[in-house]
Amino acid sequence: MNLWTTLTDSITHYTGLSPTAFFTISAMMFVTYKIVCGMFVAAGDYMEVKKANEYTIREPVQLGDRVTEQELSAYNGIDPNKPLLMAIKGQIYDVSRSRMFYGPGGPYASFAGKDASRALALMSFDPKDLTGNIEGLSDSELETLQDWEYKFMEKYVKVGKLVSPTPSTEEAGGGENADKIVENVQAE
Ligand code: HEM
């Protein structure tokens, strides 16, 4: 107890702060330090990170235009030997180069291996919006989705097309493929 009193007295004496203020400021400095450290990677670790990224990034593989949702779901980043894929309006893109966004643990990992059109249009992370069904969206939501599509077209390679699960995700007539079962989509 004596030691504690000496410590708090010394803190007040040397810093002019109350012990509570002193410990609060120390904690905030520690948190700030941790955040700043997290922004940098040690030189040794850098090579490891680089190596880890290298083995997943490769030439995009074309899957054809009759990929099913189930087939697409295998490309959700869990298997590091498969590319990371994501679809917008039924168009499938290879997003492997953005593993930090869509890979396991990434902020947008739930979009990987799926058509995330509705979630992107609504800017939603709700699992029920993880679908290519864009029925009932407003003009501005469709515009948001369009902006995402342009971004993806510009940034990623298109590797295939989903067999449309709902008529609204695909251009007119897309729905006619809805019940077709694709048996042989070239996977790798
Ligand atoms: C607090 C809100 C949010 C913040 C601060 C935020 C921040 C960011 C940042 C900094 C990037 C990286 C941009 C780049 O380097 O190109 C990004 C990318 C992205 N964001 Fe968000 N975001 C937020 C909400 C959302 C929401 C609600 C969605 C959709 C549901 C979303 C979807 C995406 C996607 C798909 C990407 C990756 C785009 C790509 O592949 O280049 N974000 N976000």
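A residue is called buried here when its relative accessible area is under 20%, exposed when that area is over 50%, and partly exposed in between, with a 1.4 Å probe and protein chains only. Because of this cut-off Glu149, with a relative accessible area of 11%, is buried. The structure is a predicted model, in which local features need pLDDT of at least 70 and side-chain atom pairs count only at pLDDT 80 or more, whereas totals for chains, interfaces and linings use all residues. Residues are numbered from 1 along each chain as its sequence is written, and side-chain values use heavy atoms, with hydrogens and water left out.

**The chain as a whole**

Seven helices and four strands make up the secondary structure of the chain, where helices (H or I, at least four residues) and strands (E, at least two) are DSSP runs numbered from the N terminus. Their order along the sequence is α-α-α-β-α-β-β-α-α-α-β. Of the 188 residues in the chain, 32% are buried. Among contacts (heavy atoms within 4.5 Å) with a separation of 6 or more, 58% join residues 24 or more positions apart. The accessible surface, from the Shrake-Rupley method with a 1.4 Å probe, comes to about 12,000 Å², and carbon and sulfur atoms account for 59% of that surface.

**The ligand and its iron atom**

The shell around the ligand holds 13 residues, of which Tyr102, Tyr108, Lys151, Lys155 and Tyr156 come nearest; a residue is near a molecule if one of its heavy atoms lies within 4 Å of it. Helices α5 (99-102), α6 (117-122) and α7 (139-155) each supply at least two residues of this shell, and α7 gives the most, with three residues. By class, the shell divides into ten nonpolar, one polar and two charged residues, where Ala, Val, Leu, Ile, Met, Phe, Trp, Tyr, Cys and Pro count as nonpolar, Asp, Glu, Lys and Arg as charged, and the others, Gly among them, as polar.

Tyr108, found in the loop between α5 and α6, is the only protein donor of the iron atom of the ligand, through its OH at 1.9 Å. Donors are N, O and S atoms within 2.8 Å of the metal (3.2 Å for Na, K and Ca), and water is not among the atoms, so sites may look incomplete.

| Residue | Ligand atom | Distance |
|---|---|---|
| Tyr108 | nitrogen | 2.7 Å |
| Lys155 | oxygen | 2.6 Å |
| Tyr156 | oxygen | 2.4 Å |

**Three further positions**

Glu149 lies in helix α7, and its side chain makes a polar contact with the side chain of Lys89 at 3.0 Å. A polar contact is a pair of N or O atoms within 3.5 Å; within protein, one must be able to donate a hydrogen and the other to accept it, and residues adjacent in sequence count only if both atoms are side-chain atoms. Leaving aside neighbours within four places in sequence, Glu149 is in contact with Ile88, Lys89, Gln91 and Tyr93.

Asp94, in strand β3 (residues 91-94), is buried at 8% relative accessibility. The side chain of Asp94 makes a polar contact with the side chain of Ser96 at 2.6 Å. Not counting residues up to four places away in sequence, Asp94 touches Pro60, Pro83, Leu84, Leu85, Tyr156, Val157 and Val159.

Pro80, in the loop between α4 (69-73) and β2 (85-88), is partly exposed at 29% relative accessibility. Pro80 and Pro104 are 24 residues apart in sequence, with a C-alpha to C-alpha separation of 9.9 Å in space.
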